[in-house]
Amino acid sequence: MSVDPSAPEIRIEDVLTLMDASRTCVLVHDAATKNILWANPAACELLGWSVEELRPLKANHMSSTAPQYHRVLGRAWLQEAVERGSSRIEWHYRSRSGRVVPTDALAVRVELSQGPAVMVQFRDIEREQATEMALRRTTSSIDALARHTSTIALTLDSSGTVRFATDTALALLGMVPEQMGRQLDEFGALRAGGRPAVWADLVAQADPTIAVQLQVPRAGDDPGGDAVWLEGTLERLAEPDGDGLLMILHDVSGRVIREALRERELQRENHQARYTAMGDMAMAIAHELGQPLAAAGNFLAGTTRHAGALEEEGALAAESADRLRFGIDSAVRQIDRASAIVGALRAFVGHLEHTRQVVDLHEIVDECLYFVRLRAADPQVRVVVHRHCGPLPAVCERVLTGQVLLNLCFNAIDEMACCAPENRELVITTQLRDGEATLTVDDRGRGLLRDPFAASFTSKEQGSGIGLALSHRIITRQHGRIWAHARSGGGSTFGFALPLSVDHRVG
């Protein structure tokens, strides 16, 4: 052993003092017989025997009775150290009191003055094993929480970056573990109190918790489609820097869907009440309007005759008389149309047994084209008609079916009024398809964000707001179908189909 000249020299008796003070247990075995030659105080204290009491003991006296700690195995371990210089093992000693002590034991061959020996250094690892086992249980519990619970849990920092997410959270957010480190608002829309919220405001209000919602779009959904609705709390964690936050969420999509259905049902009930009230009003109006409309027609007829008399007398120029007659004839046509609508609506609302008419769908189109073109003139919308090559005799109520066509066309014209002039084109198409007479109205407007027939009332500012709902009722009551969808080239298509007359059905 080399000694630093500037340092005090360590004597043999000092080495013994150091060995006695060490808290590492030491046993010295004879290399040949494996008998115990010496033990330091730490070993005597742990095992409960003095050096004199340890010397006659064998491995089976001071080891666990488990098969893996049999005396033969103990001697083989010590012999391996004699032959190879050292050998390490986890060995369970048994103290005088019967306590089994798990230890991490290292056997090392040493050359003593009297011959080779084996020095065994060991320490009690029972507490370490208990700590390790508790850590394993904790790890297992955390793993179960992360992988097998239905709870959606995320830990985030104050900037909204995801630090950790359970497997359920990963699946719902469409995230893979490698994507942790991204902002939460990249995966969904945050809400608080039913209103949109930004992350910074939520963090500021988390004192220590705040109720939050997260709306996550389903994969492949359009913006107006269904979403996964999550609800829970955002809690500030008690970290030294106060930077960590825990978000616990639960999937409440089912509840949100049920609430939406209840809201829709309430809207339908309100619509039914409004529709009933409007039906009563329509009956009263139809009753009261009959006489004024007839009187207006009579007055206009008298005006026409009077204009003719003035023309014959020379008091009215022929050109002026023609213009006057044109205006009066146009007014008469509108009054006649209004009278027909009022009569048909009265029968429809009153649930009277209407006549099952057979009408060529083209006749209805022709009757309505005058009014469609009149409405389209001011916004300069081009009206194009594509007709089926033959007649389309449909079973329907002539006037009300015409009103459906007018409603669809007027809506399309209003939609295109704000579009570029080159896109203002309305196309009416009639076809024979699958034994039905079909009519479609195509526009080049903004298209559809949702099913317009799903709601009872539209959001239009003008009119009664029940045009499409009433059109749906008129067509379906006549055993027809009505639909709407977005056009591939932009805009939308509305259409309806009516059953053909039995005499004209194919097959």
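In this predicted model, helix α11 passes helix α12 in a left-handed crossing, where left-handed means that the near helix is turned anticlockwise from the far one by less than a right angle, and right-handed that it is turned clockwise. The axes of α11 and α12 come within 10 Å and cross at roughly 145°; such axes are lines fitted to C-alpha atoms, for helices over the stretch in contact, and the angles run from 0 to 180 degrees between N-to-C directions. On the side of α11 the contact is made by L400, V404, N407, L408 and N411, and on the side of α12 by G467, L468, S471, I474 and I475, with contact meaning heavy atoms within 4.5 Å. By class, the residues of this contact of α11 with α12 are six nonpolar, four polar and no charged, when Ala, Val, Leu, Ile, Met, Phe, Trp, Tyr, Cys and Pro are taken as nonpolar, Asp, Glu, Lys and Arg as charged, and the others, Gly among them, as polar.

Residues are numbered from 1 along each chain as its sequence is written. Because the model is predicted, local features need pLDDT of at least 70 and side-chain atom pairs count only at pLDDT 80 or more, while totals for chains, interfaces and linings use all residues, and side-chain values use heavy atoms, with hydrogens and water left out.

Helix α11 (residues 398–416) also packs against helix α10 (residues 361–377), at an angle of about 30° and with the axes 9 Å apart. That angle makes α10 roughly parallel to α11, since angles under 35 degrees count as roughly parallel, over 145 as roughly antiparallel, 65 to 115 as roughly perpendicular and the rest as oblique. The crossing of α10 and α11 is right-handed. Helix α10 contributes E363, I364, V365, E367, C368, F371, V372, R375 and A376 to the contact, and α11 contributes R398, T401, G402, L405, L406, C409, F410, I413 and D414. The contact of α10 with α11 has 11 nonpolar, two polar and five charged residues.

The protein chain as a whole has 12 helices and 19 strands, the helices (H or I, at least four residues) and strands (E, at least two) being DSSP runs numbered from the N terminus. Of its 507 residues, 36% count as buried, where buried means under 20% relative accessible area, exposed over 50% and partly exposed in between, with a 1.4 Å probe and protein chains only. Among contacts between residues at least 6 apart in sequence, 56% join residues at least 24 apart.

The largest nonpolar core has 38 residues, and those with the most contacts inside it are L426, L439, V441 and F496; a nonpolar core is a set of buried Ala, Val, Leu, Ile, Met, Phe, Trp, Tyr and Cys residues joined through side-chain atoms within 4.5 Å. Two or more residues come from each of α10, α11, β16 (425–433), β17 (436–443), α12 (467–477) and β19 (492–499), and α11 gives the most, with nine residues. Leaving aside neighbours within four places in sequence, F496 is in contact with residues including L361, V404, L408, L439, I475 and W483. A second, separate core of 28 residues includes L27, L78, Y93 and V118.

Strand β19 also holds A497, which counts as buried at 0% relative accessibility. Beyond neighbours within four places in sequence, the contacts of A497 include A437, T438, I475 and W483. The C-alpha atoms of A497 and T476, 21 residues apart along the chain, are separated by 9.5 Å.

In the loop between α11 and β16 is N423, a partly exposed residue with a relative accessible area of 30%. Not counting residues up to four places away in sequence, N423 touches M416 and R444.

Some backbone features remain. Most residues other than glycine have a negative phi, and most peptide bonds are trans. The peptide bond from D207 to P208, however, is cis, with omega near -5°, and P208 has its place in the loop between α7 (199–205) and β10 (209–217). K34, in the loop between β1 (25–30) and β2 (36–39), has a positive phi of about 70° although it is not a glycine, and K34 is buried at a relative accessible area of 10%. D434, in the loop between β16 and β17, has a positive phi near 50°, and at 74% relative accessibility D434 counts as exposed.
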